[in-house]
Each structure stands twice: as C-alpha cells, then as structure tokens.
Amino acid sequence: MEDKEKENGIIMIMLFASERNCIDDIIKIANEAKDFDAVITEVFKNESVEIVDEEE
C-alpha cells in the first residue's frame with residue numbers, strides 16, 4: 001500500500017471512529033493487527049465501504 005493510500009485510510013478510520021465514538025476500540029484493533037491492511041479489514045468488516053477513484 002502506498003503512503004498516500006495509507007494517509008487516506010488513516011483519515012477515513014479517524015472520521016469513522018469519531019462518528020461512531022469508538023476510538024478506543026480502533027486503537028485496540030490497531031495495536032493487535034499485524035499490518036495496516038489488517039486494521040482496515042477489521043475496522044470495516046461489517047460496513048459497506050465504497051472506494052472512489054478521484055481520477056474517474
């Protein structure tokens with residue numbers, strides 16, 4: 001995963017955590033995950049997420 005994608009992923013996670021008031025849960029997930037992709041997968045496993053390509 002490229003740095004820009006990671007940066008966008010972190011922003012997306014923080015907005016999600018703020019909206020759902022679950023920052024502590026996400027910190028726990030991040031501490032237990034083996035890598036950033038695992039964090040994304042775990043945080044959004046029960047959510048419907050649409051990835052939009054800005055170039056389209």
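User: Why is Lys45 called exposed?

Analyst: In this predicted model, Lys45 has a relative accessible area of 52%. Exposed means over 50%, so Lys45 is called exposed.

User: What makes the contact of Lys45 with Glu42 a salt bridge?

Analyst: The closest N and O atoms of Glu42 and Lys45 are 2.9 Å apart. The cut-off is within 4 Å, between a side-chain nitrogen of Lys or Arg and a carboxyl oxygen of Asp or Glu; the pair therefore qualifies. Side chains of opposite charge can pair when their charged atoms come close.

User: Why is Glu42 called partly exposed?

Analyst: Its relative accessibility is 35%. Buried means under 20% and exposed over 50%, so Glu42 falls in between.

User: What does the salt bridge of Glu47 and Arg20 tie together?

Analyst: The closest N and O atoms of Glu47 and Arg20 are 3.0 Å apart. Glu47 lies in the segment after α3 (36-43) and Arg20 in helix α1, so the pair ties together parts that are 27 residues apart in sequence. Glu47 is partly exposed at 29% relative accessible area, and Arg20 is partly exposed at 42%.

User: How do you know that Lys4 and Glu7 form a salt bridge, and where do they lie?

Analyst: Their side chains meet at 3.8 Å, N to O, and the limit is within 4 Å; therefore the pair counts as a salt bridge. Both residues lie in helix α1, three residues apart, about one turn of the helix.

Note on methods. Residues are numbered from 1 along each chain as its sequence is written. This is a predicted model: local features need pLDDT of at least 70, side-chain atom pairs count only at pLDDT 80 or more; totals for chains, interfaces and linings use all residues. Side-chain values use heavy atoms; hydrogens and water are left out. Helices (H or I, at least four residues) and strands (E, at least two) are DSSP runs, numbered from the N terminus. Buried means under 20% relative accessible area, exposed over 50%, partly exposed in between (1.4 Å probe, protein chains only).
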